[in-house]
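Thanks for coming. I will go through two places in one model, so please have the sequence and the structure open.

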Amino acid sequence: LHVRSRRQRQMCIRDSNNFIIESTGSSTVLLDGGMGTLNTVSGDNSNRIWTVDGAGSGNVSGYNFANIDNLVGGSAVDSFTVTNTGSIGDITANAGNDIIIVENTANDSVANISGGAGDDTVSLASTAVVTGLVDGGAEDNQDEFILTGAGENLNLADISGFEVVSGTGGNHTLTKDDGINNWLVDGANAGSITANAMTISFIDFVNLVGGSAVDSFTVTNTGS
């Protein structure tokens with residue numbers, strides 16, 4: 001269902017469907033998934049701001065939505081925020097340098113997150129707020145995962161597709177299970193880890209933990 005007109009006041013569906021946003025809407029318009037399942041709201045080729053402030057409900061570009069399972073961005077820049085009262089199924093950002101912020105600290109607030117192409121930023125209190133996948137998407141130059149909670153343990157096995165992970169000064173621990181891992185600390189709680197020909201930079205992680213295989217740790221004269 002393509003949504004263009006501001007005169008449409010409420011659209012309610014009973015089966016699986018996809019609302020596609022192609023204009024700026026009015027707060028009086030409600031996209032209601034009704035009793036259907038796997039209902040999706042999708043963006044187009046324009047920059048969109050998405051807010052999820054209830055269970056499957058929120059707003060995108062002036063359109064309110066309710067009883068929605070999944071959100072899908074378009075090819076431009078999409079900014080998704082799940083507030084501390086919000087929850088949703090999958091967030092798929094697609095192309096563009098997208099931003100996904102989950103403020104809700106409750107476990108399983110989001111089912112899956114996928115950044116897609118572009119340099120995406122994903123901010124979570126902990127990986128536990130997402131039930132399944134946390135994926136930065138295609139291997140670009142600067143997909144960044146930001147941990148906003150306090151005293152969390154980020155296991156790199158729980159995320160994928162990120163070139164940078166940041167702890168934001170919260171006394172965090174970074175763990176890399178198994179494999180041959182080469183750790184380099186060349187700044188204050190900062191450095192990089194190389195494994196399987198891939199390098200991930202880390203910032204603001206106080207503790208580093210290796211796995212059951214071979215880990216090599218190097219602290220340079222500028223590292224601590």
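I start with a backbone oxygen: that of glycine 167 lies 2.7 Å from a polar atom of the histidine 172 side chain. Before going on, note that this is a predicted model, where local features need pLDDT of at least 70 and side-chain atom pairs count only at pLDDT 80 or more, while totals for chains, interfaces and linings use all residues. Residues are numbered from 1 along each chain as its sequence is written, and side-chain values use heavy atoms, with hydrogens and water left out.

The backbone oxygen of glycine 149 lies 3.1 Å from a polar atom of the side chain of histidine 172. Histidine 172 is found in strand β19, residues 172–175; strands here are DSSP runs of E, at least two residues, numbered from the N terminus. Histidine 172 has a relative accessible area of 0%, and buried means under 20% with a 1.4 Å probe, protein chains only. Leaving aside residues up to four places away in sequence, histidine 172 touches, among others, Leu147, Glu152, Asp204 and Phe205, where contact means heavy atoms within 4.5 Å.

Now to strand β12, residues 99–102. Strand β10, residues 78–82, runs parallel to β12, joined by 4 bridges; pairing requires at least two bridges found by DSSP. Serine 79 stands opposite isoleucine 99. β12 also pairs with strand β14, residues 121–124, in the parallel sense over 3 bridges, and there isoleucine 100 stands opposite valine 122.

Technical notes. Buried means under 20% relative accessible area, exposed over 50%, partly exposed in between (1.4 Å probe, protein chains only). A polar contact is a pair of N or O atoms within 3.5 Å; within protein, one must be able to donate a hydrogen and the other to accept it, and residues adjacent in sequence count only if both atoms are side-chain atoms.
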